[in-house]
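Morning, everyone. Please bring up the model.

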Amino acid sequence: MTDIENAKANLEGHSICLCRDGEIITNDGRGISPMMRFLADGKDLTGYSVADLIVGKAAAMLFVKAGIVCVHAKTMSAAAREFLEQHGITYSFDTLTEKIINRQGADICPMEKAVAEISNADEGYAALKKKLKQLHSK
């Protein structure tokens with residue numbers, strides 16, 4: 001079984017599953033929080049494949065920054081697909097959508113808004129950290 005097949009097979013019941021050479025990491029955090037935590041903790045995810053429930057441009061930027069090599073999403077945005085393509089990351093999805101909507105269903109996801117005009121993964125990570133800090137201070 002390939003890493004991405006393993007990640008997809010082990011996603012059930014979790015929000016994200018990362019696999020590399022038989023090692024499996026799962027997390028049940030919401031949105032981009034698992035990847036933000038992995039990056040903040042300095043976890044080396046180079047070469048991992050990821051299966052995720054929802055992948056927007058924000059998540060795609062974090063995957064690029066982390067050195068992820070393959071991504072599968074239950075739902076992927078067009079912007080995420082474009083960003084992964086630009087960075088040579090293999091991807092697949094069950095559903096492609098134009099935009100990722102916020103949890104209330106009323107607007108674009110705030111994380112997507114934060115990175116909409118950014119094309120560099122490091123700058124995207126910084127913008128996401130800033131946005132999360134703003135949201136948590138409310």
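Start with Arg 103, in the loop that runs between strand S5 (90-97) and helix H5 (110-115). Bear in mind that this is a predicted model.

Is Arg 103 buried or exposed? Exposed, because its relative accessibility is 57% and the cut-off for exposed is over 50%.

What does Arg 103 touch? Leaving out residues up to four places away in sequence, Arg 103 touches Arg 30 and Gly 31. For a sense of distance, take Glu 12. Arg 103 and Glu 12 sit 91 residues apart in sequence, and their C-alpha atoms are 21 Å apart.

Now the largest pocket. Its space comes to about 720 Å³. The lining has 28 residues. Which lie nearest the centre? Arg 30, Gly 31, Ile 32, Arg 103 and Cys 109. By class, the lining holds 16 nonpolar, eight polar and four charged residues.

On to the second largest pocket. This one holds about 280 Å³ of space. Its lining counts 15 residues, and those nearest the centre are Lys 57, Ser 77, Ala 79, Glu 112 and Ala 116. Which element gives the most to this lining? Helix H4 (residues 78-86), with four residues.

Key: Residues are numbered from 1 along each chain as its sequence is written. This is a predicted model: local features need pLDDT of at least 70, side-chain atom pairs count only at pLDDT 80 or more; totals for chains, interfaces and linings use all residues. Side-chain values use heavy atoms; hydrogens and water are left out. Helices (H or I, at least four residues) and strands (E, at least two) are DSSP runs, numbered from the N terminus. Buried means under 20% relative accessible area, exposed over 50%, partly exposed in between (1.4 Å probe, protein chains only). Contact means heavy atoms within 4.5 Å. On a 1 Å grid over the protein atoms alone, a cavity is a set of points where a 1.4 Å probe fits but cannot get out, and a pocket is an open set with protein on both sides within 12 Å along at least five of seven lines; lining residues have an atom within 4 Å of a point. Grid points are joined across faces, edges and corners, and a volume is the space filled by probe spheres set on the points. Ala, Val, Leu, Ile, Met, Phe, Trp, Tyr, Cys and Pro count as nonpolar, Asp, Glu, Lys and Arg as charged, and the others, Gly among them, as polar.
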